[in-house]
Amino acid sequence: MPEREDGEQQPQDGEPRREDRKQQHQDGEPRREDREQQHEDGEPRGLAGRVCVLAGGTGGIGSVLARELHAECVPLVLGYRRDRVRAEARAMELRGSPGAAIALVEGDLAEEETRRALLAAARSLGVPYGLVVLAGDPARPAGAAPTPAEMEASVRDNYLGPILLARAFAAGLVAAGTPGAIVLLSTMQGVDLFEGSLCYAGPKAALVHAGRLMAKELGGASDVRVNVVAPGVTAAGMAAASIRRGKYDRFVAGGAIRRFGRAEDVSRAIRFFLEPDSYVTGQVLTVDGGLTLRRDVLAS
Ligand SMILES: NC(=O)c1ccc[n+]([C@@H]2O[C@H](COP(=O)([O-])OP(=O)(O)OC[C@H]3O[C@@H](n4cnc5c(N)ncnc54)[C@H](OP(=O)(O)O)[C@@H]3O)[C@@H](O)[C@H]2O)c1
């Protein structure tokens with residue numbers, strides 16, 4: 001499976017990208033882009049102008065999402081942990097094309113100082129609306145079984161930091177009385193049982209549960225929605241090198257999935273949850289091409 005490169009207009013498998021498709025459905029119904037900017041009851045549509053924080057927005061999936069949102073004039077705070085060179089390159093690329101403001105924040109989400117800095121950067125761009133927590137770590141143990149230290153690090157990276165940030169972000173929205181959307185990134189291993197992934201999957205499963213619990217607590221009049229996207233094997237970011245090495249070829253060759261995921265597949269699901277007129281909360285959307293459903297075909 002060829003891995004997509006940024007900026008290509010069409011994936012190498014020839015499947016057309018969204019931008020290339022017709023602007024209306026066959027029955028004449030206009031696609032979303034063409035519709036009015038608000039509903040009849042006055043609820044606004046569209047993300048333009050709504051400040052979003054993408055924690056981990058400089059990684060493989062995050063940078064595709066950032067590019068799409070930037071093009072829609074969404075002011076963005078991009079958080080990253082340590083790769084400053086890459087983060088600055090991403091920000092420079094975005095600032096070089098039309099869109100809204102971009103702020104960069106460096107630091108570990110598990111540190112309170114980082115979380116505060118992300119929230120302050122969002123407020124400096126306007127009224128905070130969206131949070132997408134893309135930050136995560138594949139938590140691959142060095143040996144056959146993860147050590148307690150490796151497990152602790154995974155809990156910190158894949159659960160504690162993301163949930164503490166989501167909680168702080170939600171508290172800010174509730175205090176300000178403004179609506180918002182929070183999207184957490186789990187993984188197919190957090191919603192189904194993949195042997196050997198305990199170190200990574202355990203905290204990612206906890207993230208799903210905590211996200212749904214937050215949605216329940218924040219529901220009702222406050223209008224803060226929380227949802228989770230659980231990607232499968234995606235040809236970007238932390239899975240890209242493994243895909244290149246052929247680690248997951250058996251999933252395609254064995255007929256479980258037709259292709260690996262693209263970052264765009266995941267960003268589309270995230271954007272669905274971010275939409276300000278969305279009526280969906282407390283849900284988990286697995287974006288894995290059916291791998292969790294069909295993995296059993298490999299055993300037969
Ligand atoms: N790619 C896949 O196939 C796949 C599959 C399932 C689930 N996911 C999930 O989707 C999310 C995005 O994946 P990706 O492939 O885009 O990851 P990625 O390319 O490795 O990017 C991760 C991003 O998060 C940042 N980050 C990591 N740990 C952090 C921490 N403790 N504090 C602050 N920032 C931190 C990284 O910053 P630095 O690089 O500067 O450290 C980077 O910006 C992750 O949560 C991942 O678990 C991905």
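**Ligand shell**

I sorted the shell around the ligand by residue type and found 12 nonpolar, 11 polar and six charged residues. I noted that the model is predicted: local features need pLDDT of at least 70, side-chain atom pairs count only at pLDDT 80 or more, and totals for chains, interfaces and linings use all residues. Residues are numbered from 1 along each chain, as its sequence is written.

I then listed the residues that come nearest to the ligand: of the 29 around it, these are Gly-56, Gly-59, Gly-136, Gly-237 and Ala-239. A residue is near a molecule if its C-beta atom, placed from the backbone, lies within 6 Å of it. Helix H1 (60-71), S2 and H4 each supply at least two residues of this shell, and H1 gives the most, with three. Helices (H or I, at least four residues) and strands (E, at least two) are DSSP runs, numbered from the N terminus.

**Overall make-up**

I counted 10 helices and seven strands in the protein. Of its 300 residues, 41% count as buried. A residue is buried if 20 or more other C-beta atoms lie within 10 Å of its own, exposed if 12 or fewer, and partly exposed in between, with C-beta atoms placed from the backbone. Among contacts with a separation of 6 or more, 70% join residues 24 or more positions apart. Two residues are in contact if their C-beta atoms, placed from the backbone, lie within 7 Å.

**Nonpolar cores**

I looked up the largest nonpolar core, which has 71 residues; Leu-54, Val-133 and Ala-166 have the most contacts inside it. H4 gives the most to this core, with seven residues. Apart from it lies another core, of five residues, including Ala-139, Tyr-200, Ala-201 and Ala-205. A nonpolar core is a set of buried Ala, Val, Leu, Ile, Met, Phe, Trp, Tyr and Cys residues joined through C-beta atoms within 7 Å.

Arg-167 has its place in helix H4 and is partly exposed, with 16 other C-beta atoms within 10 Å. Its C-alpha atom and that of Ile-182, 15 residues apart along the chain, are separated by 9.7 Å.

**Helix H3**

I checked the length of H3 (residues 112-125): its 14 residues reach 20 Å from first C-alpha to last, close to the 20 Å expected. The expected span is 1.5 Å times one less than the number of residues. Thr-114, Arg-115, Leu-118, Leu-119, Ala-121 and Ala-122 are buried in H3. Seen down the axis, these buried residues fall within an arc of 155°, so they line one face of the helix; the arc is that of the directions from the helix axis to the C-beta atoms. The face turned away from the buried side carries the exposed residues Glu-112, Glu-113, Ala-120 and Ser-124. The buried residues of H3 pack against strands S1 (51-55), S2 (76-80), S3 (102-106) and S4 (128-133) and helix H4 (148-176). Just after H3, I noted a positive phi of about 145° at Gly-126.

**Helix H6**

I repeated the length check on H6 (residues 198-218), whose end C-alpha atoms are 30 Å apart, in agreement with the 30 Å its 21 residues should span. Its buried residues include Cys-199, Pro-203, Leu-207 and Met-214. Their cover includes H4, strand S5 (180-185), helix H5 (188-191) and strand S6 (224-231). Just after H6, Gly-220 takes a positive phi of about 85°.

Notes: Nonpolar A, V, L, I, M, F, W, Y, C, P; charged D, E, K, R; others polar.
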